[in-house]
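Please look through the sequence and the model below before reading on. The paragraphs that follow are meant to be read with the structure open beside them.

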Amino acid sequence: MSVLLADVDQNDEIHVGGSISKNKIVSATGLSKSFGNFVAVKSVDFEMYEGEVLGLLGPNGAGKTTLISMLSGVLRPDGGKATVGGHDILKDLNKIKKMVSLVPQDLALYMELTAYDNLAFFANLYGLRGKLKKERIHEALEMAQLHKYANKKVGSFSGGMKRRLNLAIGILNHPKLMLLDEPTVGVDPQSRNHIFETIKKLVSDFNMSVVYTTHYMEEAETLCDRVAIYDQGTVLDIDDTSSLLQKHGHKQLEIKMKDVDESLIEKIKNMKNVDSVNYIDETLYINSSELLERTEEVLRIIREKGLVVSKFNVRESNLEDVFLKLTGKKLRD
Amino acid sequence: MNIWNMAAKDLRIFLRDIPGLVYLILTPVIIIAIASFALSGMFTEGEVEQFSIPIVVEDQGEVTDELLSVLKETPILKLIDTYESDDGKESLMTRKEAQRLVVDKKAAIIIPKGFSENVKNGENAELIVLTDPVDRVIPGVVTDVLSQYTSKLSMANVVNSVGVTAVQSIVSKTQELNGVTIDPTNEIATIGEQSEHFTANPPVQVKVEKMETSDKARETTPFESNVPGYAVMFVLLGTTAAATSLLEERERGTLRKLQTLPISRLSILGGKMLSNFLTALFQMFVLFLVGHFAFGMWVGNSILGLITLIVATAFAATGLAMLIASVCKTRAQASGVSLLIVLSMSALGGSWWPLYIVPEWLQTVAHVTLTAWSMSAFNNLLIYGEGMASILPSISVLFGMGVVFLFLSVRMFRFN
Ligand SMILES: Nc1ncnc2c1ncn2[C@@H]1O[C@H](COP(=O)(O)OP(=O)(O)OP(=O)(O)O)[C@@H](O)[C@H]1O
Ligand SMILES: [Mg+2]
C-alpha cells in the first residue's frame, strides 16, 4: 500500500466525473498528529486535484489547523504519508514550500511595518527580485484593495483590512496550492465577496487548488467543489455538496398552525417512511425520505381536521444538517 | 541572503520604535552621567572635597593656638567654631551644639580646658573627637589629622623631657662629685630647639610620588569605568529585550507563517541573531562615542583592542539573549529572567563598582559572568592603558561564550 502511494506523482491522471481528467495535487493516507496524549488528527485519508477547491468543514478544535499545518511543513506528522504536488511532505519539504502557501488563521503580519513592507519582506523570502517582485506586490495590493493604504502601518488597519492583507501575502508566490485557514473571520460581507471572487479568479487563472478551512457551512457550500466533513481529527465524508446532501440530508416539511394535538402527531408518525415529527413553537417539523408523497397525505388530514395553516414550507436540508447527522452535534453552538 | 532579509525586517521595526531607541541610548547616557558626576569627588584631584567640622575651643594657650592654626591650614577640613543661637546672635561653639551637629557633620573636635597647660607640663593632655558611628569616612579623616598633630606634640614632649631629665641628672651628679656649680640652661634650651626642629622635620617620613603610568600624563575619570560598565549592562538589557521578539513572533503566529516559506529554520534564528547583534553593536558604539566626545572618556592606547572588545561583548550578549529567549516559554517569563540575570551579572561582574574591591573568592565566582570578562578587559584598556595582548584571553572567552550560547539556543528553541 505504502509502496503504491510513494509511486504516485502529479502526472498520475485521475478520472473524475467521467470525461475530465485531472492531476492529483494532494494525496494523504493515514495522516496523524498527537500533542502529548491528545490525538488532534486521527489517520486522515483524502485526495484532491488541481484546480479544485476543497472545503474542510469542522467545528472549533476539530483539528483543521493541525491538518493543514502538516501539509505546509509547519508540523511534522507522527504517522501516515502525504504528497503535495507529488513531493513527499517528509522528504521534499523545500520543493513543497515553494509551490504552497499557507494563509494562517492568526494574522501573520508585522503591525509595526507598512502593508508594502510586509509584502516586500515575504516576497524577498520567496526569492522574488526586481521587476517581478514589484509586479507581484502590486498584484497582491490590488487583490486586497489596499493600494491606497500601501504605505500605512498595518497596526492602524481595521480587522478586515488586516485579513485581506494576510490573504494577499499568500498569493505572492503564485502557489499551486493555497491553504486558507478561516480567511474570512471578522470580514464584512462586501470584503468577503471580494475575497471569494479573488479566490475563484486565482483558481481559474492559475489552475490553483485551494483547501478552504471554515466552520461556516454557507461558505463551504458556495465556494467549494467538494467538502470534507471533519470532526475530532477524522474525515467523516468527503464529496461535492449535492452528493453529501443526497446521502445524508433530508428535506423537511414545516407547517405553521395552531391547535395541533397528540393524535394528529401520532397519525403522521405512523405514516410510511416518516423519520421524525416535532411540534415546536406552533410549527410542525416533519422529516421523511419520501417527503413529496407524504406531503399530500399530511395536508389531507389537516383539511379533514379543519385546521388553518398560516405558513407552509419545504426546507431543503443543508450541510449543517449533514454535519448534525454525521457527528451528532452542531457545527457551532 | 535570507538571514539578511530576516534581520533587515527586525531592524526596520526597531528603527520605527522611537521610545525603544530612546531607552537604548538615552537612558544609559543619563545613568552614566549621574553615576559619574556623583562619584567625581573620589576621582578628580585638585579641587579636594572639604568636610565641615564643628570645633569647640574651651582652652586658651600657646599649644591650642598652634593646633588651631594647623587645623585651619588642613585643606580637607573646614572648621565651624561659631553657631547661630536661637536669638540670632553668633556664639562660640559649645559642646552641646557640637553634639547636635554631629548627626549632620559626622564628627566634631573638642579642645578641653587645660589642654595647653597639660601639654606644657608634660601631663596627660587629651583632645576629644565626637563621631557618628554610622559614617565610615569623616570620623576617620578627622581622627587621622588630629593624631598626626598629637603624635608630633608627644614626640617633642618626650624628647624634651627625656633630654632635660638626662641633662639635669648629669649636672647634679657632676656637682655632687666635683662640688662645682653648673648652669645647664643653655643645654636645656638647645634640647628644646632640637626637639622643635625634629617636630617640624621628622627624621622618618612618607614621601608620596606620582608615577607616570602611560606616555601621556593622564588622570582617570569616573567615565573610563562607568561608560563600559553601564554600556555592558544596557546592551544586555537591550539585547535580551530584543530577543524576546522571537517569542513575540511565536505568540503572534508570524513564526508559523515563516516556517511555510522556502527558508531554513536556521536562517530564521540566524536573522534574529544578526539583528540582535547589529543592534547591540550600534548601542555600544554610540555609548562609547558619547562617552568619548561628550564626557571626555579616554579611549585607551589601543583603538583596535577597544573595537574588538566591543564586538566580542556584543556577540556574547547576543548569544545570552538568544539563549534566554529560547529557554523561556513566554515574553513575560523572558523579561523577568533577563532582568534577574542582567542585574546580578552587573553587580557581580563589575559593571557598577570595580571588581577588585570585592572579596577574592567572589572575584573568582564573578568570572562565570560575561560582564566580569568584559569589564576586566575594559579596565585593562581604559584605566591601565594596556594593549591588545592584555585582553586577548577575555576576548577569546567572550567569543567562546557567544558561540556556546548561540549553539544551545538553536538546539533548545521550540518553533511550535
Ligand atoms: N501545539 C499544540 N499543543 C497541544 N495541543 C494542541 C496544539 N495545537 C493544537 N492543539 C489541540 O489540538 C486540537 C485541534 O486544534 P486545531 O487548532 O487544529 O483545531 P481547529 O480545527 O483549527 O480549531 P479552530 O476552528 O478553533 O481553529 C485542539 O483541541 C487543540 O487544543
Ligand atoms: Mg484552526
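What follows is a walk through confidence, overall build, a metal site, some individual residues and the nonpolar cores.

This is a predicted model, in which local features need pLDDT of at least 70 and side-chain atom pairs count only at pLDDT 80 or more, while totals for chains, interfaces and linings use all residues. Residues are numbered from 1 along each chain as its sequence is written, chains are lettered from A and ligands numbered from 1 in the order in which they are written, and side-chain values use heavy atoms, with hydrogens and water left out.

The predictor assigns the complex an ipTM of 0.81 and a pTM of 0.74. In terms of pLDDT (the predictor's confidence in each residue, from 0 to 100), chain A averages 87, with 93% of its residues scoring at least 70. Chain B has a mean pLDDT of 87, and 95% of its residues reach 70 or more. Within chain B, confidence is lowest in helix H2 (residues 18-43) of chain B, at a mean of 80, and highest in helix H11 (residues 303-327) of chain B, at 95.

Chain A contains 12 helices and 15 strands, and its C-alpha trace spans about 80 × 50 × 45 Å along its principal axes. The domain assignment divides chain A into domain 1 (10-244) and domain 2 (251-316), with bounds that come from an automatic or database domain assignment; the C-alpha centres of these two domains lie 44 Å apart. Of the 333 residues in chain A, 52% are buried, a term that means under 20% relative accessible area, whereas exposed means over 50% and partly exposed lies in between (1.4 Å probe, protein chains only). Among contacts in chain A between residues at least 6 apart in sequence, 67% join residues at least 24 apart.

Which residues hold the magnesium ion (ligand 2)? Thr65(A), through OG1, and Gln105(A), through OE1, coordinate the ion at 1.9 to 2.2 Å. This pair links distant parts of the chain, since Thr65(A) sits in helix H2 (residues 64-71) of chain A and Gln105(A) in the loop between strand E7 (100-103) and helix H4 (115-125) of chain A, 40 residues apart. Donors are N, O and S atoms within 2.8 Å of the metal (3.2 Å for Na, K and Ca), and because water is not among the atoms, sites may look incomplete. Thr65(A) is partly exposed at 23% relative accessibility, and Gln105(A) is also partly exposed, at 29%.

Thr213(A), in strand E9 (residues 209-214) of chain A, is buried with a relative accessible area of 0%. Leaving aside neighbours within four places in sequence, Thr213(A) is in contact with residues including Leu56(A), Lys64(A), Ile68(A) and Glu182(A). Glu182(A) belongs to the loop between strand E8 (177-181) and H7 of chain A, is buried at 6% relative accessible area, and has a positive phi near 45° although Glu182(A) is not a glycine. Gln145(A), likewise not a glycine, has a positive phi of about 55°; Gln145(A) lies in the loop between helix H5 (130-144) and helix H6 (159-169) of chain A and is partly exposed at 42% relative accessibility.

Ile195(A), in helix H7 (residues 189-206) of chain A, counts as buried because its relative accessibility is 1%. Not counting residues up to four places away in sequence, Ile195(A) touches Arg164(A), Leu167(A), Pro183(A), Thr184(A) and Val187(A).

In soluble globular proteins, nonpolar side chains tend to be buried together. A nonpolar core is a set of buried Ala, Val, Leu, Ile, Met, Phe, Trp, Tyr and Cys residues joined through side-chain atoms within 4.5 Å, and in the largest one, of 122 residues, Leu258(B), Phe288(B) and Phe378(B) touch the most other members. Phe288(B), with residues up to four places away in sequence not counted, touches residues among them Val227(B), Met297(B), Ile310(B) and Phe378(B). Apart from this core lies another, of 30 residues, among them Phe46(A), Leu54(A), Leu56(A) and Val100(A).

Technical notes:
Contact = heavy atoms within 4.5 Å. Helix = DSSP H or I, 4+ residues; strand = E, 2+ residues; numbered from the N terminus.
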